[in-house]
Amino acid sequence: MSFLKKLFGGSPSTSPQKNYYVFSVKCRRCGEVIEGRVDLNNDLSVEYEDDNEVYYSRKTLMGSGKCFQRVEVEFKFSSTRTLIDQQVSGGEFIS
Ligand SMILES: [Zn+2]
């Protein structure tokens, strides 16, 4: 683990640097585009697959209009915070 931290420049906790993954989804019901972001420092929960660390983040988004459809998203990142999988229900990802 310390090797990986050195390799990928794991920063000390005093670092002010913020690291966000930004995404947009489109509500399946009304078509509203909702932007969201994942705080890669605070929003992730670690799980282990085989011997690999993977990081999950799940969020529920709602548009600002009258539509009450919830759009649920789930992201999976590698230990280097590279996105490796994403799921959405109630809407679709747009890029
Ligand atoms: Zn909607």
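**Exercise 1. Which side chain forms a polar contact with that of Asp-39, and at what distance?**

Solution. Start with the pair: the side chains of Asp-39 and Asn-42 are joined by a polar contact of 3.1 Å. The term stands for a pair of N or O atoms within 3.5 Å; within protein, one must be able to donate a hydrogen and the other to accept it, and residues adjacent in sequence count only if both atoms are side-chain atoms. Next, take the backbone: the Asp-39 side chain also reaches the backbone nitrogen of Asn-41, at 2.8 Å.

This model is predicted: local features need pLDDT of at least 70, side-chain atom pairs count only at pLDDT 80 or more, and totals for chains, interfaces and linings use all residues. Residues are numbered from 1 along each chain as its sequence is written, and side-chain values use heavy atoms, with hydrogens and water left out.

**Exercise 2. Is Asp-39 buried or exposed?**

Solution. Read the relative accessible area: 9%. Asp-39 is therefore buried (under 20%; exposed is over 50%, partly exposed in between; 1.4 Å probe, protein chains only).

**Exercise 3. Which residues coordinate the zinc ion?**

Solution. List the donors: Cys-27 (SG), Cys-30 (SG) and Cys-67 (SG), at 2.2 to 2.3 Å. Donors are N, O and S atoms within 2.8 Å of the metal (3.2 Å for Na, K and Ca); water is not among the atoms, so sites may look incomplete. Then check the spacing: C-x2-C-x36-C. Finally, compare accessibility: Cys-30 is partly exposed at 43% relative accessible area, whereas Cys-67 is buried at 13%.
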